[in-house]
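Me: I'm new to this one and would like to go through it bit by bit. Can I ask where the labels come from as we go?

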Amino acid sequence: MSATTNFSNFTLKIPVGTHVSFLPRALKAREAAAIGTTKSSKERVYGIVQSYSNEGNVLMACVHVANGDHSICKVKAGNLKKEREAEENTVPGVPAVAQDEDNSSNPLLSLGIDYESDTDESDNGEGLEEVLGEQGDVDWVDKRVTIDVRHTEPSYKNDAVLNIENHRFSTPYIFFKRFLPMDHIVDHVIPSINANAVVRCIEKWHPLTKAEYFLWIALWTYMAWLPCSDRGFYWRTKPTILVPSPYNFGQWMSRRRFDAILAAHTLEHPATIAAGVTSDPLVPIRGFVEVYNENLLNAMVPGRVLTIDETMNQWVGKVSRMPNVKKIISKPHPVGQEFKTVADASTNIIIRLDISEKNFQVKKFGDQGAVISTVLRLSEPWFATGRTILADSWFGSPSCAAVLHQYGLYSIMAMKKRSHWPRLVPRDLHMKLEGEPVGTSISLVSIVKDVPMSICILRDRKMQCLVSTCGRTTQGSEVTHVIKEGNRSRFATFYRPAVFDDYGAGKGAVDINNNNRDNMASYHDVMRTHSWEVRAFSFFLALAEANAYLAWRSFGPVEQRSITHFSFREQLCTDMINEYLYAVNIVEDDEEDVDSYRNNTRHDLESIGKGFLKDRTPYSRQWKCQICKKKTTLRCSCTPTKGLCKSNCYRLHLVGKQ
């Protein structure tokens, strides 16, 4: 088997016959005892890779171990470390330990670390390998980081830029359209809706146009601006005591047409959905998410700091009908589709989405694991730019920080002990601040996968922990927090490390965007439907509207940046409806073209009507269908003298006319 053999989307980086090592904790207790060690031992086990096998979605390596009776052990491929074979080694599988006596080129120097001990002068800067141990079994040194590497190494220093021409003189509708893939909607979504209407045999359907579709979205925006519990209330024409000026949506679109568009709405062509839904239940939205991300990438150039977090597309209907639905108790909307998102920390605008799903192995970077692959997919457009990634404890680990640094990105990530700490973190980390006063902090430094990084722990209301490849762990700003002690509370003022200032300044970017989307009634609140695809579309509309408002506050006309979200949405509704009326007036300038357009495009399925016998008894008229020749009581408005069946004949008739 060669080094490039693919095994469940995992490219083998360690070919068969390679000398490797691993920690005993990668083995089962029985296997560890068979080779004369224990799972808790820190001494690495050496051997040679004999073969690979695929067990479920996990790639296992069979390693011929040199310990004991040269046993064969099964180890996960990700736990192996490639070793160099000694030139004069007589025992197979035992590598030579590389010694680097020159510490002057050590990458920890880029963190500004002083290797001389603060308490014991007998160290004399001993070899770094002796201090840190072997990679994969990292030892952390109690040192402070005094220099932020972003000041000494290449890093991104520009502010965010919005790609809208003359954005200081634009309108809310222009901002809203900039965060939607307009070309894809016109060229793909609208034709797909027309095709889906044919497949579903929606009565009295005529082709949907661009102006009518965005009027439909404008009416949804109006409902989100002034929500009512009864959707039919918006089509009332008579004033009431509470509403002296009725909304009268019928002046723009009939209720029947509005509901027909909702019933036929889809983001993907029905033929594509039918072909791929069995293998991928997310086919109806996956293509739109990709185009949505491309549009966000072109709409804005983010600043120097990016924030990664979760976003929920809430669901209030039947959960079983929604693919990849999750329940996260800690979220304001605990049930729904989860998206991992990245936002610009200076403007709080979400600029990339990633669908959270179980089969992450088939996606890009899938061989890196669920967490690291998600982070890499979200940050991929900004590789090698020197930006800084902020993330919460779901993403944070030394391994993730090291991988991001290898791709040219700095990171500051929170870490949390759940059942255990992330790999490569000291197991007694939570014990270091027990009994210490509020404001006490500890800084640990090490090298993980050739990347210098630090772990900083702070005793606040509860213990906080950050792992970072940038920033300082020396004294930062002064903060005052409320500390609860039993039934009492008190104020505590202390100085926290500077890296916590960097993290706190941008960690809430995604949450701010989510709050702007959820604190007011939005599209997902008024688009009540049994279709999860429409529910997902309402999420994309709400995200675009929240992005547009946040962009307006940062890049809009200076004199209007302070308007409220309610006023922004009012202007948005007005602009969208006015644009539709302008488009309609252009078409209606030539009434002959309008009549020709209506006569050639309307294909309403209607009843033939009633007939009467000689005694004036009514009966339903039946004509022969123009396609199947069977009797029917229906006809198409384009051929009023010929019958037409409701089933496949009407569908074939529409396809033939198109």
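Me: Why does Val534 count as buried?

Reply: Keep in mind that this is a predicted model. Buried means under 20% relative accessible area, and Val534 has 1% relative accessibility, so it counts as buried. You'll find Val534 in helix H14, residues 532–555.

Me: Which residues does Val534 touch, not counting those up to four places away in sequence?

Reply: They are Leu262, His265, Met527 and Thr529. The C-alpha atoms of Val534 and Ala264 are 9.9 Å apart, although 270 residues separate the two along the chain.

Me: How do you know that the length of H5 agrees with what a helix should span?

Reply: Helix H5 runs over residues 210–225, which is 16 residues. At 1.5 Å a residue they should span 22 Å, and the end C-alpha atoms are 22 Å apart, so the two agree. H5 is also mostly covered, with 14 of its 16 residues buried.

Me: On to the strands. What makes the side chains of E6 alternate?

Reply: Look at which face each one points to. In strand E6 (residues 72–76), Cys73 and Val75 point to one face and are buried.

Me: How many bridges join E5 and E6?

Reply: Five, and strand E5 (residues 58–65) pairs with E6 in the antiparallel sense. Two bridges are enough for strands to count as paired. Met60 stands opposite Lys76 in E6.

Me: What makes E22 and E28 edge strands?

Reply: They belong to an open sheet of three strands with the order E22-E27-E28 and antiparallel pairing. Strand E22 (605–607) and strand E28 (639–643) each pair on one side only, and that puts them at the edges. Neighbouring strands of this sheet are turned by 45° against each other on average, direction ignored.

Me: Where does Arg635 stand?

Reply: Arg635 is opposite Gly643 in E28. Strand E27 (residues 634–636) and E28 pair over two bridges, in the antiparallel sense.

Key:
Residues numbered from 1 in each chain as written. Predicted model: local features only at pLDDT ≥ 70, side-chain atom pairs only at ≥ 80, totals over all residues. Heavy atoms only, no water. Buried < 20%, exposed > 50% of the residue type's maximum accessible area, 1.4 Å probe, protein only. Helix = DSSP H or I, 4+ residues; strand = E, 2+ residues; numbered from the N terminus. Axes fitted to C-alpha atoms, helices over the stretch in contact; angles between N-to-C directions. Expected span 1.5 Å × (residues − 1). Contact = heavy atoms within 4.5 Å.
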